[in-house]
Amino acid sequence: MGTNNHFAIRKVHSLLGIIPIGFFFLEHTITNSMAILGEDMWMAFVSFLHNLPFKIFLEVGLIFLPIAFHALYGLWIVYGAKNNTLRYSYFKNWMFYLQRITAIITLVFIIWHVWTLKTANLYYSQSYFQAMGEMLSNPLVFAAYLIGFLAAAFHFTNGIWSFLVAWGVTVGPKAQKVSFALCMGFFALLSAAGIGSLISFLQ
Amino acid sequence: MGETIKLRVKRQDNPEASPRWDDFEIPYRKNLNVIAMLMHIQKNPVLANGQKTAPVVYECNCLEEVCGACTMIINGKPQQACSALVDQLQKPITLEPLTKFPVLRDLHVDRNKMFENLKKVKGWIDIDGTYDLGPGPRMAPKTQEWAYPLSRCMTCGCCAEACPNYNEKSDFMGPAAISQVRLFNAHPTGSMQKDDRLDAIMDKGGISDCGNAQNCVQVCPKEIPLTTSIADMGKDTVKRWISRALRA
């Protein structure tokens, strides 16, 4: 007992996926879905976040470090599995595999997404909204954003399902079935918001 | 010669040898099971092409699906050869040794790791030592009934075989041992070592290595609610984790 932190590290990994990463993802999706309501609304939300005090500490402490920990330990988890969906093609086994595939897609997307937008520094361009639209008018970029967003949304919502199992909230098979349906409903909702905002930038 | 059944067996002569496939043809009998086919090969070790061969090595014991010794991969799924009825199997029938355990020879594998994990989690009820401890607390009949399905685990290894996280890259102990912790912790006498068992499954290779692929519950021949056991122990380990941290 107490000789290693194996359990604690895995639990921290699991918790970080919800708090703060999941909450940040939710905020990020809601903020960007304001694009559906128009440029002014979107810009108001973005400016509010952009002008938050101690932004760099918020970005590092609530976004970068949690994601870095979740991703690095997550890669170790992905490596540790020997996927066998072809031999055991049960639905939950596919979800297990998909959780790992979307993990990798999301990680690659986030690195590219943050890297390109941080270096482009579009906030001070004439119209941030139009600059985003121009960028997304490239079909390859649009496809990358679409796939990246859907992967992140699935990883988050399916992650909530397994979080509830791992922390012993949904114990029985029926409870797990209901929670999965709710999580996938949430996935559909997030997808609508995400795809809607991506399309809105194009106008 | 009447109707015959084609049988393909993945074999290897020793733990280091590379595997090969051997074809057999076994005379059909009504209600034939896979073990009876292997017994036939033992008596008459001849390949389908008429060539003589060494009898196929396999393990079996109870012949009624309660010991787990004859667990092997039959037509791609881990199960017991004794309860695998030929009439219900697709032909040709393929037999392979379990892949998650070291093969000793042919279909005979070393499942010692399963047993070592049961020792790790104290998968037993402590009884009298050098002196009589007296009668233990009684177990309510309702709890007995609840615990019975969990007690049917025969450590056969099907759950570990199907689990993507149980492999040579990981120390994961697999679903069976975690379910046994749930069984023994629910026992009034066993619960006296409750925290020791929880600590054991919170160690390396413990419950946090489960990734919820839930193949275990699909392949368990005894229909043990393994994923319910894991989630239930998930809850108990989280409680234990917090209590341990706050009392440290």
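How much area is buried between chain B and chain A, and what percentage of that area do carbon and sulfur atoms give? The area buried between the two chains is about 3100 Å², and carbon and sulfur atoms give 56% of this. Buried area here is the accessible area (1.4 Å probe) that two parts lose on being put together, summed over both.

This is a predicted model, in which local features need pLDDT of at least 70 and side-chain atom pairs count only at pLDDT 80 or more, whereas totals for chains, interfaces and linings use all residues. Residues are numbered from 1 along each chain as its sequence is written, chains are lettered from A and ligands numbered from 1 in the order in which they are written, and side-chain values use heavy atoms, with hydrogens and water left out.

At the interface between the chains, 41 residues of chain B are in contact (heavy atoms within 4.5 Å) with 32 residues of chain A. Two salt bridges are counted between chain B and chain A, a salt bridge being a side-chain nitrogen of Lys or Arg within 4 Å of a carboxyl oxygen of Asp or Glu. The side chains of A:K82 and B:E168 form a salt bridge, with an N to O distance of 3.4 Å.

On the side of chain B that touches chain A, the elements giving two or more residues are β4, α4 (158-162), α7 (215-219) and α8 (226-247) of chain B. Of these, α8(B) provides the largest share, eleven residues. Helices (H or I, at least four residues) and strands (E, at least two) are DSSP runs, numbered from the N terminus.

The domain assignment, which is automatic or taken from a database, gives domain 1 (4-109) and domain 2 (112-247) of chain B. The C-alpha centres of these two domains of chain B lie 31 Å apart. Between domain 1 and domain 2 of chain B, the buried area is about 1100 Å², of which carbon and sulfur atoms give 58%. B:P78, B:K100 and B:F101 supply 52% of the area that domain 1 of chain B buries against domain 2 of chain B, more than any other three residues.

Across this domain interface of chain B, one salt bridge is found. The side chains of B:K222 and B:E65 meet in a salt bridge at 3.1 Å, N to O. On the side of domain 1 of chain B that touches domain 2 of chain B, β3 (71-74) and β4 (77-80) of chain B are the elements that give two or more residues. There, β4(B) gives the most, with three residues.
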